[in-house]
Amino acid sequence: MSSPLGLHRVLEPAGVLPQRAWRLDADPEPGVDEVVVAVEVLNLDAASFRQLREEHGSGAAVRAAVLGIVAERGKMQNPVTGSGGMLSGTVVAVGPESRLGLVVGDRVASLVSLSLTPLRITDGLVRWGGDSEQVPCAGTAVLFGRSVVARLPGDLPEGVALSVLDVCGAPALTDRVVRAAGVGASVCVLGGGGKSGSLSLAAARAAGAGRVVALVPTEGEAVAVRASGLAGEVVVADARDPVAVAGAVGEPVDVTVVCVDVAGCEHGAVLATADGGTVVFFSMATSFSAAALGAEGLAADVRMLVGNGYVPGHAEFALSLYRGEAGVRGLFGARERQTPVS
């Protein structure tokens, strides 16, 4: 029987949800409420791609690692980071009881992680050089009855739209948290020059933040973020160095948003946040035990939120920020030029 949660796709271990499963059934025959997508691009999440590149180098070794994971597991879930990414493609089959509102021929992007999406790759990733997060791909993927999906917008290049949609949960939750903190709240975004970071800066400003700080790792990146106009203050520090982060930020802020794709940024985020404030973790490299125990050890009275990637309306909100903010478009464009699709 088809389950809207995808339970029928779990091969092992029994009794877990697809994200926790070791292996999924990626058969492209749809269940009654499933949708099958002909995959065209995989968008690996930043933490996963960084880890794969650091472990395997670049080129053929990274490509072989991704192919091996998908062949073994029936999904793209990095065994080290636990994360996956998302995909885009064309709907090729729709079960008769699907409630996703899709029809055959729709061009879509999945807004659920590849770590829970049944996936087959059929072209050996021959068009991918292993040097970018966006992976040209032929294959099939299955969306469940409760999956989240967006039609690709017609007014943006598909690669750009996929990049925006990949991180659309970050600005949406930033907007919610900053509005709850009140007009004039102070906000710091760790990793403010990245895709999720730049959108989160724009969301904080739109939500009425007073002081907006972007923390970046290099002076070169700081120059680009200053030019974007997205932050009133741009500071340079290694987000893994908590003392350096606290010193760079200065007066602690009401809301800290972590958009850095490396491990070890938890304690700096806590130190940068005022008592009674909120830290939002959007990095899949986050150790939540380190965050919780670190805050306890620092006697820090902060609320910590896990950015789960889903907020109602998050896709259109992120796309509207991209369309409306030249600074966001500029930072996205710079990153796209640094990591071209092969």
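Let's begin with A299, which counts as exposed at 66% relative accessibility. Here exposed means over 50% relative accessible area, buried means under 20%, and partly exposed lies in between, using a 1.4 Å probe and protein chains only. A299 is found in the loop between α9 (288-297) and β14 (303-306). Its phi is near 50°, a positive value in a residue other than glycine.

A quick word on what you're looking at: this is a predicted model, where local features need pLDDT of at least 70 and side-chain atom pairs count only at pLDDT 80 or more, while totals for chains, interfaces and linings use all residues. Residues are numbered from 1 along each chain as its sequence is written, and side-chain values use heavy atoms, leaving out hydrogens and water. As for the labels, helices (H or I, at least four residues) and strands (E, at least two) are DSSP runs numbered from the N terminus.

Now hop over to L125, in the loop between β6 (119-121) and β7 (134-143). L125 is not a glycine either, yet it has a positive phi of about 55°. Is L125 buried or exposed? At 0% relative accessibility, L125 is buried.

Another loop to visit runs between β1 (10-12) and β2 (23-24), and P18 sits there. P13 has its place in the loop between β1 and β2 too, and the peptide bond leading from E12 to P13 is cis, with omega near -10°. P18 is buried, with a relative accessible area of 4%. Which residues does P18 touch, if we skip those up to four places away in sequence? The list includes L5, G6, V10, K75, S115 and F144, where contact means heavy atoms within 4.5 Å. Take L5: it is 13 residues from P18 along the chain, and their C-alpha atoms are separated by 7.8 Å.

Next come the helices, with α10 (residues 314-324) as our meeting point. Helix α3 (residues 158-166) comes within 9 Å of α10, axis to axis, and the two cross at roughly 120°. Those axes are lines fitted to C-alpha atoms, for helices over the stretch in contact, and the angles run from 0 to 180 degrees between N-to-C directions. That makes α3 oblique to α10. In this scheme, under 35 degrees is roughly parallel, over 145 is roughly antiparallel, 65 to 115 is roughly perpendicular, and the rest is oblique. On the α3 side, V160, V164 and L165 meet A315, A318, L319 and Y322 of α10. Sorted by class, the residues of this contact are seven nonpolar, no polar and no charged. Nonpolar covers Ala, Val, Leu, Ile, Met, Phe, Trp, Tyr, Cys and Pro; charged covers Asp, Glu, Lys and Arg; the others, Gly among them, are polar.

Helix α5 (residues 195-206) also packs with α10, at an angle of about 90° and with the axes 10 Å apart. That makes α5 roughly perpendicular to α10. Here L199, A202 and A203 in α5 meet F317, A318, L321 and Y322 in α10.

D175 counts as buried at 14% relative accessibility. Leaving out residues up to four places away in sequence, D175 touches A203, A207 and F317.

Finally, how many disulfides are there? A disulfide is a pair of cysteine sulfur atoms within 2.5 Å, and the count comes to zero. For C265, the closest cysteine sulfur is in C259, 11 Å away, so that is too far for a bond. C265 is buried at 4% relative accessibility, and C137 is buried with a relative accessible area of 1%.
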